[in-house]
Amino acid sequence: MKCLNTLVAGVAMMALATPLAYADDAKDVNVMHWWTSGGEAKAVAVLQQGVAKQGYTWKDVPIAGGGGDAAMTALKAMLAAGNPPDASQMLGYTALDYAAAGKMADLNDLAKKEGWDAVVPEPLKKFSTYEGKWIAVPTNVHSSNWIWLNKGVLAKVGGTQPQSLDDLFALMDKAKAAGVVPIALGGQDWQEAVLFDSIVEATGGPEFYKKALNDLDDASLKSDTMKKSFDNLKKVVSYADPNFAGRDWNLATAMVIKGEALLQPIGDWAKGEFGAANKVADTDYLCQRFPGTDGSVIYLSDVFGMFDVPESHKAAQVALASTIMSKEVQVDFNLIKGSVPARTDVSDEKFDVCGKKGIADLKAANADGKLLGSLALTYGAPPAISNAYKDVVSKFVHGQIKTSDEAVTELVKAIDDAK
Ligand code: BGC
């Protein structure tokens, strides 16, 4: 009996480690994602309701952890166990890697029927198609080079919106003098790397960003501009409160919402948290591009990678894909999520000032060649390189790498090793 109990406990533990078995019901669709914050949960409910309207049931597989590293680790384990979900949230090169390994579905019939080719912007197609086949469905376009300011706190410290890094430092000095935390940082490697993406662009401009963090050009990575970027990172981080290590991104957003901090430098998923707290753009908070990056968009997009599932699951998977791509869902979802639609044929009418800016900026940056892939979130390069980048940036932020010179040397080495 004891033996049986131990066995049962062991199986239960394994079930926890691999959280999902295929739901047998052909009406169920198993979906993995990392949207577990207050705002994210409201946004994901829009997708769930859309699936329900089509007569299917979204079986939720949430794996908490902003940036998605925990979810991607869980996903790898599920695939290794031969037990993938029907679909999973993914970023950047991840879906392409799984496609190269022969794991993804072919959505071309649906894509053709619904005309996806004509409405999904070209840069996104690169991450949702593989060898001419649609393998993933984009829900949105996020961008990481934003800052979010508490409007009341800005007035209280007597500041104006910063347009350059120097302005930002001067503004943060004012906040400090007024006894307000100048910058709400989330101290996790992916958030630090998101911040560094913006700082690299603010320091060196879009061309430099592209060469260094998308093309991985050796001379750019080793350059004085990259050293200067690390200097600027150190300076920005020096304005954070002492407790930022390990902090979740949404807790940092909450500091701004509550007026405990002046601003947060992070992508437009922060907007979902302001919305969930009933805060209104331009009334309670202000959004703007990270100082020194106006005109450019450092983008990422949450796609749902669709796995090659058994025949009995295909209809449910197609219903999910079609739901995500519908114009109505793209609007309703992105209004809550803080991102902008992944279709070019959607009106910005319902969006607030920040949403409208997001949509307009994306269009302009795409036309001007200033649409840049976030290296932090694997739109600049595949996950192994993005991980190497996150590691070096985070070690530098937390003092394990001491100088900007050392950081540059470590970054070049880590990227080389990961190639
Ligand atoms: C995702 C966003 C998400 C954020 C925080 C990013 O990687 O692209 O959709 O809101 O992580 O969880």
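Analyst: Angles under 35 degrees count as roughly parallel, over 145 as roughly antiparallel, 65 to 115 as roughly perpendicular and the rest as oblique. Axes are lines fitted to C-alpha atoms, for helices over the stretch in contact, and angles run from 0 to 180 degrees between N-to-C directions. This is a predicted model: local features need pLDDT of at least 70, side-chain atom pairs count only at pLDDT 80 or more, and totals for chains, interfaces and linings use all residues. Residues are numbered from 1 along each chain as its sequence is written, and side-chain values use heavy atoms, without hydrogens and water.

User: Why are α18 and α19 called roughly antiparallel?

Analyst: The axes of α18 (residues 383-397) and α19 (residues 404-418) cross at roughly 160° and come within 9 Å. The pair is therefore roughly antiparallel.

User: What makes α10 and α18 roughly perpendicular?

Analyst: α10 (residues 189-214) packs on α18 at about 110°, with the axes 9 Å apart. The two are therefore roughly perpendicular.

User: How do you know that Lys 271 and Asp 352 form a salt bridge?

Analyst: A salt bridge needs a side-chain nitrogen of Lys or Arg within 4 Å of a carboxyl oxygen of Asp or Glu. Here the closest N and O atoms are 3.2 Å apart.

User: Is Lys 271 buried or exposed? What about Asp 352?

Analyst: Buried means under 20% relative accessible area, exposed over 50%, partly exposed in between (1.4 Å probe, protein chains only). Lys 271 has 8%, so Lys 271 counts as buried. Asp 352 has 29%, so Asp 352 counts as partly exposed.

Technical notes
Helix = DSSP H or I, 4+ residues; strand = E, 2+ residues; numbered from the N terminus.
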